Amino acid sequence: MAHKIQRLPAPKPTIERPPAVSGILAPERFMKMLALVLFVGATVLPFITATPYIISILTTAMIYIVLAMGLNVVVGYAGLLDLGYIAFMAVGAYTSGILTTQFGLSMLETIPFVVLACIVAGVIIGGPTLRLRSDYLAIVTLGFGEIIRITANNLKVTGGPSGIHGIPTWSFFGWSFSDGLDIAGIHFGPKILFYYFVLFVGIGLAVVGVSRLGKGKLGRAWKSVRDDEDVSEAMGINGYKTKLMAYIIGAIWGGFAGTLMAGHLSAISPNSFEFLYSALVLMAVVLGGMGSTPGVIIGALFVSLAPELLREFSEWRFLLFGVLLVVAMIFRPKGIWPANAVLPFLKKRTIPEVPPTDVIGVVGLDDELAELPSEARDLRDTRDEKGEGQ
Amino acid sequence: MFQLIWNGLFVGSFYALVALGYSMVYGIIKLLNFAHGDLYMLGSFLAFVVLGGFTGLFGLGSIPILLLVLLITMLLTGGIGVLIERVAYRPLRSSPRLAALITAVGVSFTLEYAVRQIFGASPLVFPIRLQGAPIEVLGARITMPQLILMLVAAVLMFLLQRYIMHSREGRAMRAIALDQKASLLMGVNVNRVISRTFFIGSALAGAAGVMAAAYYGTIDFLMGFVIGLKAFTAAVIGGIGNLYGAMLGGLVLGLLESFGTHFLGGQWRDVFAFGFLILFLVFKPTGILGERVVERV
Amino acid sequence: MFSRTTRTKRALALGALAASAALVLSACSGGVAGGGSTDSGDGPIKFGMLAPFSGSEAAFGDYMKFGAQLAIDEVNADGGVNGRDLELVTEDDGCDATASVAAANKLVSAGVQGSVGGYCSGATLPTLPIFSEAGIPMVIPAANSTKLVGQGAFMINGTGTQQGAAAVAYATKLGAKSIVVIDDTTDYSVDLANQFAEQAGDLNVSKRESVNPDEKDFSANINSVLGASPDFVFWTGYYQAGGLLINQLRTAGYDGPVLVGDGSVDAQLAAIAGPDAIENVTGTFTRTPDMLEGGDAWVEAYKGVSGGAEPGPYSMQTYEAVKVLAEAMNEAGSTDYEAVTAALKGLKNFPLLSGDLTFASDGSREGGGFVIVEPTGDGGAFVLKDDLS
């Protein structure tokens with residue numbers, strides 16, 4: 001064991017690497033600052049205007065962000081199309097709804113059960129289908145979404161078609177949001193406290209958690225399986241396990257969003273979990289940018305707030321979303337804010353001219369590249385630009 | 001008992017007609033055409049419009065007029081299917097499968113909600129309704145329209161089978177299903193054959209839509225959603241990509257639902273059908289008649 | 001990644017933001033510290049109405065809006081409430097729980113003093129705590145799920161319990177021996193079916209059946225219905241699936257009476273079922289203006305508000321909800337929640353178009369006012385057949 005492996009020195013780079021960009025306009029730092037500003041803005045907002053309406057729609061919008069970030073793991077990172085994602089939200093909402101109203105647990109105490117229920121649901125549905133062709137998953141998840149909704153509609157314990165009402169808001173060891181809180185002479189009502197809870201805990205977990213997961217070992221495994229499962233298996237990644245992990249983690253996030261929604265609405269019913277809502281969350285992820293944190297946030301905000309801001313629009317939105325999906329896939333498959341986008345005014349690393357080498361090129365390489373999926377082509381084009389826009 | 005079987009076979013023949021188009025498109029370009037059920041819906045609405053014009057010209061509708069309308073609608077939905085393939089699917093043929101699937105969802109939404117914006121959300125009453133006194137056969141009630149519709153479905157399926165198995169173009173389709181690049185090298189006009197596949201599949205869905213509208217009497221913009229799901233289930237049960245499999249799967253699913261509803265109650269009907277889909281995918285993913293499919297990379 | 005200088009910069013930026021936040025906080029009163037709606041005591045009293053103006057139930061939004069507007073115009077012409085005019089504020093709930101919570105909060109933010117909306121029970125349920133926490137009395141014109149009862153809201157429309165009782169009374173009158181109850185798995189429909197079954201008493205409910213309203217083929221369901229050899233069928237769902245079901249029931253050889261709930265009382269039912277199948281079909285419904293003496297004058301007044309459109313289902317109930325709430329506020333002499341609620345509870349036999357109104361202690365309407373109607377009017381419109389008295 002004492003034998004030490006002799007390491008070979010790394011080969012010298014053929015070209016000088018350009019220095020890293022610095023300053024406030026460096027892409028990574030700029031995005032972090034932007035996120036901080038938005039976060040502080042959202043924190044301050046209730047001090048500026050706290051009408052129940054604004055607080056209510058913003059809370060809903062933030063829950064949509066949590067939901068969309070969860071679906072982003074499944075669709076954006078792992079490349080699995082889930083058409084019944086709202087079913088996990090239903091599992092979460094119903095689990096905490098039943099446990100709080102019928103067994104007297106507090107919202108916090110239901111979280112382990114919600115996670116457990118979502119893992120079980122994720123394994124039941126992902127386990128058999130992830131071994132199969134990827135597009136079977138799309139329909140099976142759709143069928144699963146319907147099964148969950150119909151089951152919730154038919155059972156007594158879920159309250160049948162009228163669902164569960166009177167779900168309490170969150171409480172922690174005897175102290176509940178509904179008690180309100182006075183800090184420095186300012187009274188925070190239950191809705192405002194819940195708003196902050198979703199902002200700090202929900203958004204924090206969803207956005208920071210998911211984007212860091214995406215950058216970690218598991219996240220890189222997801223992306224490699226998405227781009228080419230055979231090659232990544234050759235690299236020692238277990239494709240099936242990796243996909244199942246993505247599916248389960250997505251399920252847990254969806255369930256968490258469900259408990260938040262149950263606490264927010266105080267009443268849930270099966271028709272809040274129809275296929276339409278699965279499609280809506282999918283649209284948020286796809287139109288915003290699959291695998292891109294800022295993109296998904298923009299998409300979720302758009303999908304949840306647009307019908308509030310434009311009342312006339314709510315009649316037309318599904319037609320518009322349908323057309324947008326087709327157009328986006330053809331002309332801008334990576335969404336409004338692609339995963340590796342860099343705002344135009346930010347500094348970029350300049351790519352030096354590649355000196356000619358004496359390596360003989362492969363004949364027709366460019367033709368073959370043209371055959372590759374556009375994502376792979378784009379990867380090649382941007383691989384020298386460091387700094388993902390996350 | 002015989003009544004249950006008869007009901008199952010009748011509903012199943014609708015599933016089979018829609019499943020055929022699903023299965024054909026999937027077999028040839030490996031695309032799950034999510035909008036296929038909506039072509040069924042579109043067929044019924046087109047027939048509604050065409051019939052409106054016809055009854056204005058020739059007075060009240062009758063069976064021959066309905067058959068004529070059926071033909072016109074099949075041509076129209078077929079044409080729309082080709083158009084959809086051309087506009088939405090062809091540009092993405094070399095893209096990752098996820099992109100094509102999402103586009104298909106987008107097309108489905110576009111069709112559904114465009115129809116909703118034009119015709120409204122409430123169901124419309126179809127101008128022709130096929131009614132007839134039931135005849136008792138072995139204790140089951142069978143009506144004339146049911147027999148006619150099943151006959152039409154059977155004729156359409158027979159013609160399709162002849163076309164695919166015994167014609168030059170059918171052979172081209174089967175060749176593309178096996179290996180698209182190789183058939184291109186052998187001189188098959190791949191684009192044209194794929195267009196033709198979409199035409200036939202969509203026309204069959206449209207035909208099923210017209211027949212369902214004439215039999216049940218109402219049409220609405222979401223009527224294709226459930227049947228699209230069921231048709232996919234039927235295609236998987238029979239073996240996706242397999243012509244006979246789609247027909248068999250449709251009938252089997254119809255029978256399963258008929259018996260399931262009888263023994264479990266109507267509210268569990270869809271759970272039963274989708275539960276079977278998942279069970280089949282776990283234990284026999286290739287379906288009853290399907291062959292082992294290797295995922296193409 | 002961050003050097004010391006940038007860390008300082010970040011701290012500075014945070015400080016600046018906090019400072020600006022504090023500034024904003026001190027400058028604004030609309031923030032956390034403000035909030036809530038308090039009645040300023042002058043200006044018009046706002047009545048909020050949640051109804052579906054988009055989605056599949058969109059037509060009902062307008063029916064309800066014009067009914068409410070007519071009542072408000074009449075109250076204002078009579079001198080308003082406590083000397084103040086009434087004003088209607090409508091919001092779209094799209095028959096969807098999430099949208100209705102947002103819309104209810106919007107009404108609270110707009111400072112409404114009373115709520116006279118609520119069509120879909122599923123969308124109305126989550127708005128109850130929002131209105132009651134904001135101290136806004138609620139009179140619900142249309143939504144009538146039994147889950148709404150006893151939560152502080154008052155209901156103009158008869159509940160499923162009362163409609164079930166009316167259906168039981170009618171079935172008893174016809175001497176039904178074997179009854180099949182069919183629902184469409186929606187909230188309202190299952191509720192009504194349960195209420196019927198619970199109150200059936202000596203009547204023999206031989207079979208309960210559920211159909212999926214998104215489908216068109218009910219042959220499998222009908223097969224099990226006929227297996228119970230019924231002589232009375234009660235359909236509790238909506239007219240879209242109801243018409244198809246009746247048609248297929250008739251084709252399958254059932255020609256006995258079919259009773260439908262108020263969700264199916266619509267002229268379209270006859271059109272969908274077909275002229276032969278609609279024979280021997282009746283419905284339970286609360287009275288509509290055209291069934292009443294003197295209803296014509298009301299319809300004319302309604303048309304004046306709606307720009308010529310005919311009143312629809314729940315136009316009159318919404319009209320009555322406004323009248324009832326205005327009366328209660330007059331009696332209470334204020335818009336205070338406790339006082340108005342007490343006044344609503346104290347109403348005895350308040351005269352309305354649909355009959356005298358008294359609220360039971362749980363907020364539902366006593367009696368409910370259900371009658372039996374049949375689709376024999378023009379184009380399949382339902383007309384009064386039996387007032388069950």
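Q: How do you know what share of the contacts in chain C join residues at least 24 apart?
A: This is a predicted model. Two residues are in contact if their C-beta atoms lie within 7 Å. Count the contacts in chain C between residues at least 6 apart in sequence: 69% of them join residues at least 24 apart.

Q: What makes up the secondary structure of chain C?
A: Chain C has 13 helices and 12 strands.

Q: How many of the residues in chain C are called buried?
A: A residue needs 20 or more other C-beta atoms within 10 Å of its own to be called buried. Of the 389 residues in chain C, 56% are buried.

Q: How do you know what span helix 9 of chain C should have?
A: Helix 9 of chain C covers residues 239-251, which is 13 residues. The expected span takes 1.5 Å times one less than that number. That gives 18 Å, and the end C-alpha atoms are 18 Å apart, so the two agree. Just after helix 9 of chain C comes C:Gly253, with a positive phi of about 105°.

Q: What makes up the contact between chain C and chain A?
A: Chain C gives 34 residues and chain A gives 33 residues. On the side of chain C, helix 3 has the largest share, 8 residues. By class, that side has 15 nonpolar, 14 polar and 5 charged residues.

Note on methods
Residues are numbered from 1 along each chain as its sequence is written. Chains are lettered from A and ligands numbered from 1 in the order in which they are written. This is a predicted model: local features need pLDDT of at least 70, side-chain atom pairs count only at pLDDT 80 or more; totals for chains, interfaces and linings use all residues. Helices (H or I, at least four residues) and strands (E, at least two) are DSSP runs, numbered from the N terminus. A residue is buried if 20 or more other C-beta atoms lie within 10 Å of its own, exposed if 12 or fewer, and partly exposed in between; C-beta atoms are placed from the backbone. Ala, Val, Leu, Ile, Met, Phe, Trp, Tyr, Cys and Pro count as nonpolar, Asp, Glu, Lys and Arg as charged, and the others, Gly among them, as polar.
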